[in-house]
Amino acid sequence: MKTGLSAGYTPRRIKHLATLNSQQKDAVQTMEGPVLVLAGAGTGKTRVITTRIAYLLAQGVRPENILAVTFTNKAAREMRDRVGKMVGKETANAIILSTFHSFCARVLRSNADAIGIRKNFTLCDSADQSSLMKSVLRELRVPEKQVQPSAAIARISLWKNQLLTPEKALDAASDPWEEYVARAFRRYEEQLRRNRVLDFDDLLLFALRLFQENETVRKKYAKHFQWIMVDEYQDTNGPQYGILHALAKDHRNLCVVGDDDQSIYGWRGADVSKILGFEKDYPGAKVVRLETNYRSTPEILNVANALIQQNIQRHDKELKPALESGVPVMWLPLFDEMNEASYVVGDIRQSHSLGETRWKDYAILFRTQTQPRAFEAELRRLNIPYKISGTRSFFDRKEVRDLLAFMKLMENPDDEVSLLRILNVPPRGIGKTSVDKMLEKATEEGVALGRLLLEQTALTGLPEKPVKASTELLEELVALKKRGGSAGDLVGMIRGLIDLVDYRREVERCYDDPTTLDIRWNGVAEVVNFAENHARTTPKASLNTFLEALALDADDQEEEDEDERDAVTLMTLHAAKGLEFPRVYLVGFEEGLLPHARSAAEGNVEEERRLAYVGYTRAQRMLTVTWAEQRTKWGRQTKCHASRFYYETTAEPLPDGWMASGQEPPPRPAHKKKTKTGKRRATSSRASSRKRRS
DNA sequence: TGTGTCCGAGACGAA
DNA sequence: CTCGGACACA
């Protein structure tokens, strides 16, 4: 192999290569220059990345010169574990392997001055965003019910990811709704800056700006990270792309791995055109296609290939089976959602009773959060253990959010959202009217309320007692931070905080029922636990590192035990990406649900098709796809019919009178009894294997 | 300050 | 239908 490398790299084989196929080896051993690895579902993507890292190390690359970015903490953790098994824990820990967001946070902390932000900036999580947005909308007198805070936040995030300023967004606004949101955008940004807080998008945007505006800093990082790898490249958004380019454009040692067919986060700003255009952005890029699938039976891959071929915007590729033939894919219309649930759950129970499978081998996948209800009821009725993913409830609990607000305030007294949350918690005689007056004054002065109080400026004309109480609270928090900070004792500081504000009293005040009180107080204890853990595992633990860890890797450790539990999995298709199960039930395969009516109406059918493809390809040995002919929607019985994707997959002709989602439902039951026929494509899983409910 | 009631919405959700 | 949030009222 070529060694345009500075010096000292001698090509060296590593034992892990032996078990790879030739494409995988190719991807691993192409060290230099841009590499695009198109890794279809189940083709050993993670294996390629981890082996590639091991390979680089074996060639003499130093671990700290490798940057590997992922989108989730879970992926980062998994990758580090696997690399650790190959090259040893210590070496693996020296690699910069993190999510985009924590990488950016790290860069920004070291270069805060260069871009004019506080070194100790705090982060604004989605709950903070939401309360900030509500207050912005109120302040701007946006007619009520015109703009939902969550919708505004989502749109603003998209604008930010397109590098649009509020002014440009306002110019481009095409309807009154967008105009309102663009105005809110402007005020939202002003408030973030005034509070000296960054939201998640800002982490990326400020890092990008840093690299674009400060060539010295950019050069430093670009030189340091000679070897860059990106996982799930199909999910990158504009700023992430820009950051990668800034780091990689000099040496071009950028290896991206992904699958355009599994791009399902367009609504969140992911831009599939980045993976589609990689060869154009990096001329001469080596493209490696991983097409051998080690996960699923040929029957399952046939339906997956048949469906995804219908997409226009994609890199051409096909999954090729490595496994032996198995059972046919089953397509199953059922009467309504109750029947769907009882059939699927009954089937699981029966199959489990044969004794060859565990409960955790089964997954029920669906498009929307309302669907699992019927399945849950049925699983409970039959006493089958199940787990339902999602619901990050811990950080939504009142007591946890309160404590978080106190801690953020200690770190950053300018954080007005947090201040307003706890100003009167526990009650200290600061009513709504006084808060409004103080806020008005702060706005006049152009500073955050916390700063106004701490500096004791311009307080004339404000109600004395509330001002005094607020100031005292702030001063005490600042003093506590000072003491705890110098002692370097994070846990002691948090205990001190709970004492200082007498939070126990607050919990007792709010919940007089002893059981609820217990549960609530438990949440407080849990935060302390987190802090203990953090202090133990983090070298220079401080309040700031703790807060950042809470915001950037919020997933609790309970989740890992949950993974191991022997229980049937219920999850959305989005949550299932990257996972695999021996037996998969893809339910609610209906026009209107998948493709979702709203997506279809907005012309995003290709992404919905990818979602169905992700669903199919989760299955290892058995795939059953079901839909209902009638479903309760908004309290009414609604007629439904099989998804267009069913017809696309099986090549069965559309029945007469079939209607796409988004249109009015047909007057008569949409699909008639189907008989087997129509063999236009040879998917082994089709008509012959379909069966009907008796 | 807390509780009850009415209203509206109802896609996916990491960091 | 069912949940959550906002608001009104005590």
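**Note on a predicted protein–DNA model**

1. Helix α16 (residues 298-308) is largely enclosed by the rest of the structure, because 10 of its 11 residues are buried; buried means under 20% relative accessible area, exposed over 50% and partly exposed in between, with a 1.4 Å probe and protein chains only. The buried residues are P298, E299, I300, L301, V303, A304, N305, A306, L307 and I308. Their cover includes β9 (292-293), β10 (320-321), β11 (330-334), α31 (605-616), β16 (619-628) and α32 (644-650). Helices (H or I, at least four residues) and strands (E, at least two) are DSSP runs numbered from the N terminus.

2. This is a predicted model, in which local features need pLDDT of at least 70 and side-chain atom pairs count only at pLDDT 80 or more, while totals for chains, interfaces and linings use all residues. Residues are numbered from 1 along each chain as its sequence is written, chains are lettered from A and ligands numbered from 1 in the order in which they are written, and side-chain values use heavy atoms, with hydrogens and water left out.

3. DNA strand B is surrounded by 23 residues, and the closest are N73, R367, Q369, R509 and S599; a residue is near a strand or molecule if one of its heavy atoms lies within 4 Å of it. Of the atoms of DNA strand B that come within 4 Å of the protein, 42% belong to sugar and phosphate.

4. Several side chains approach particular parts of DNA strand B. An N or O atom in the side chain of N424 is 3.2 Å from a phosphate oxygen of DNA strand B. For H574, a polar side-chain atom lies 3.3 Å from a base oxygen of DNA strand B. In H596, a side-chain N or O atom is 3.3 Å from a sugar or linking oxygen of DNA strand B.

5. Around DNA strand C lie K134, E144, R373, W634 and G635. Sugar and phosphate make up 50% of the atoms of DNA strand C that come within 4 Å of the protein. By class, the surface near DNA strand C has one nonpolar, one polar and three charged residues. A side-chain N or O atom of R373 is 3.3 Å from a phosphate oxygen of DNA strand C.

6. Which residues lie nearest the centre of the second largest pocket? They are S135, R138, L420, D436 and L439, among 33 lining residues. The lining divides into 11 nonpolar, eight polar and 14 charged residues. Helix α7 gives the most to this lining, with eight residues. A pocket is an open set of points on a 1 Å grid over the protein atoms alone, where a 1.4 Å probe fits, with protein on both sides within 12 Å along at least five of seven lines; lining residues have an atom within 4 Å of a point.

Note on methods. Polar contact = N/O pair within 3.5 Å; in protein donor to acceptor, adjacent residues only side chain to side chain. Nonpolar A, V, L, I, M, F, W, Y, C, P; charged D, E, K, R; others polar. Contact = heavy atoms within 4.5 Å.
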